[in-house]
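Please open the structure in a viewer and keep the sequence at hand.

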Amino acid sequence: MTYRRLVSEEFLKICSVRTAALYRYWGAKKLGRKMPCRSDIDPADMKPWLPGLVLVDIADQPPPRRITYRVVGTAVCEHRGFDPTGRPVQEGLYGNVRDEVLENYRIAIDEKSIVFDFDATPSRSGCAREIGTLFMPLSSDDKTVDKILIYQDIEQIMPTYRL
């Protein structure tokens, strides 16, 4: 079975309105560059997306590469059943296929590309599911990805009860 991921704007045909709006915001902040930098993103503008936002730090020096959760939104923590803030991604990630989730990070960093993961991941509680995750690289010098802004669009679902 093929993992459900897109690395082009084709994802706009299937993502939610919320995800598309954040992508347009990120794109407007590029200002002619390949990627915006963290300082281009105004936290006051992020209010509609805050519960689903994740910001990770990328450190390549000294090797090996370290990816660490810096900020994790409340909906993301609730979906996972824990708060991974401050943990390395390898310890705190949550997804259906671990290696494929790590591949999303590799693509965003090495290829300086957006990644839209739509391999729906249910919440630990079973009351929600991730309907799409968008990885958007950030760079201080427009050459090296030093952060990734991630939006996890999480949909609440009603649990089914048996009597």
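Is Cys77 buried or exposed? Cys77 is buried, with a relative accessible area of 13%; buried means under 20% relative accessible area, exposed over 50%, and partly exposed in between (1.4 Å probe, protein chains only). This is a predicted model, in which local features need pLDDT of at least 70, side-chain atom pairs count only at pLDDT 80 or more, and totals for chains, interfaces and linings use all residues. Residues are numbered from 1 along each chain as its sequence is written, and side-chain values use heavy atoms, with hydrogens and water left out.

Next, select Cys37, which is buried as well, at 11% relative accessible area. A search of the whole structure for disulfides (pairs of cysteine sulfur atoms within 2.5 Å) finds zero.

From Cys37, proceed to Ser140, which touches Cys37 and Asp146, leaving out residues up to four places away in sequence; contact means heavy atoms within 4.5 Å. Ser140 counts as exposed, at 61% relative accessibility. The side chains of Ser140 and Asp146 make a polar contact at 2.5 Å (a pair of N or O atoms within 3.5 Å; within protein, one must be able to donate a hydrogen and the other to accept it, and residues adjacent in sequence count only if both atoms are side-chain atoms).

Finally, select Val56. Beyond its neighbours within four places in sequence, Val56 is in contact with residues including Tyr69, Tyr105, Asp146 and Ile148.
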